[in-house]
Amino acid sequence: KATSIIETGTFRGYSTSFIAENFPNTPIYTGEINGEFYRQSKEYLKKYKNITTYNGSSPDFLNYLIKNDLLGERPVFFLDAHWLDNWPLEEEMKIITDKKKYAIIIIDDFKVPEDDRFKFDAYGNKECSLELILPKMNKKNRYNLLLPNYGTEIFKRTDHPDLTGYPIIFQNSKKILESLKENEFVKKYFIDKSYLLNNICS
């Protein structure tokens with residue numbers, strides 16, 4: 001029951017349209033810094049009435065949404081703006097964890113701790129990982145962590161040759177996590193590894 005869904009890094013809008021089709025009654029905000037990708041995605045997404053597009057950097061985008069109180073109490077963030085030399089992920093995490101009390105944060109192309117089967121983004125000396133974002137996460141909050149835990153058969157499927165990882169971080173939202181863990185799909189494909197965040201929560 002998210003009050004809003006926020007995506008950083010629209011690209012051409014394919015993931016945005018998937019979200020809109022599955023959550024047609026939830027406000028969706030998506031931001032893209034590249035002007036050409038923004039124009040293409042805006043045209044592609046114009047049929048979805050619950051999507052608002054934004055052209056600019058993701059930190060500016062997030063600050064705008066929060067300043068104007070557009071997100072409601074239970075926002076879900078899908079962070080996917082890290083590419084090439086542009087890595088706003090650290091600043092995105094700082095903004096969200098400093099300025100929102102409750103949040104669920106999903107990060108695409110992420111290094112899944114303790115599971116090297118998943119691919120992840122790495123550019124220069126940076127990896128899309130817990131080690132990158134933990135220093136930016138506000139210690140006033142409590143965090144829980146859900147990670148994908150797919151069976152070996154998923155990785156052997158030819159239609160999924162390069163699965164990338166992602167974490168689901170619950171910020172002051174442990175009750176939501178506990179509720180999700182009762183779901184059979186979540187039981188089968190995810191694992192609670194909140195202990196990996198203990199160093200920030202202690």
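1. Two strands count as paired if DSSP finds at least two bridges between them. This is the sense in which strand pairs are discussed below. The model is predicted.

2. The pairing of β1 with β4 is parallel and rests on five bridges. Within this pair, Ser 4 faces Pro 75 of β4. On the β5 side, β4 again pairs in the parallel sense, here over four bridges. Phe 77 has Ile 105 of β5 as its bridge partner.

3. How many residues of β4 are buried? The count is five of the five, so β4 is largely enclosed by the rest of the structure. The cut-off behind this is a relative accessible area under 20%.

4. An antiparallel pair is formed by β5 (residues 103-107) and β9 (residues 168-171), with four bridges between them. In this pair, Ile 106 is set opposite Ile 168 of β9.

5. The loop between β5 and β6 deserves a separate look. Asp 109 lies in this loop and has a positive phi of about 60°, although the residue is not a glycine. Most residues other than glycine have a negative phi. Is Asp 109 buried or exposed? With a relative accessible area of 13%, Asp 109 is buried. The loop between β5 and β6 (122-123) also holds Asp 115. Asp 115 is buried as well, with a relative accessible area of 13%. A polar contact of 2.9 Å links the side chain of Asp 115 to that of Arg 117.

6. Asn 172 is another non-glycine residue with a positive phi, here about 50°. Asn 172 is placed in the loop between β9 and α7 (174-180). Its relative accessibility is 24%, so Asn 172 counts as partly exposed.

7. Asn 86 sits in the loop between β4 and α4. With a relative accessible area of 30%, Asn 86 is partly exposed. Which residues does Asn 86 contact, leaving aside its neighbours within four places in sequence? Those residues are Ile 33 and Ala 81. Asn 86 and Tyr 123 are 37 residues apart in sequence, and their C-alpha atoms are 9.5 Å apart in space.

8. Some whole-chain values follow. The protein chain has nine helices and 10 strands. Its radius of gyration is 16 Å, close to the 17 Å given by the globule rule for 202 residues, so the chain is as compact as a globular protein of that length. Taken along the principal axes, the C-alpha atoms fill a box of roughly 45 × 40 × 40 Å. Buried residues account for 49% of the 202 residues. Of the contacts with a separation of 6 or more, 70% are between residues 24 or more positions apart. The accessible surface of the chain is about 11,000 Å², and carbon and sulfur atoms contribute 51% of that surface.

Notes:
Residues numbered from 1 in each chain as written. Predicted model: local features only at pLDDT ≥ 70, side-chain atom pairs only at ≥ 80, totals over all residues. Heavy atoms only, no water. Helix = DSSP H or I, 4+ residues; strand = E, 2+ residues; numbered from the N terminus. Buried < 20%, exposed > 50% of the residue type's maximum accessible area, 1.4 Å probe, protein only. Polar contact = N/O pair within 3.5 Å; in protein donor to acceptor, adjacent residues only side chain to side chain. Contact = heavy atoms within 4.5 Å. Rg over C-alpha atoms; globule rule 2.2 N^0.38 Å. Areas by Shrake-Rupley, 256 points an atom, 1.4 Å probe, with all protein chains shown as cover.
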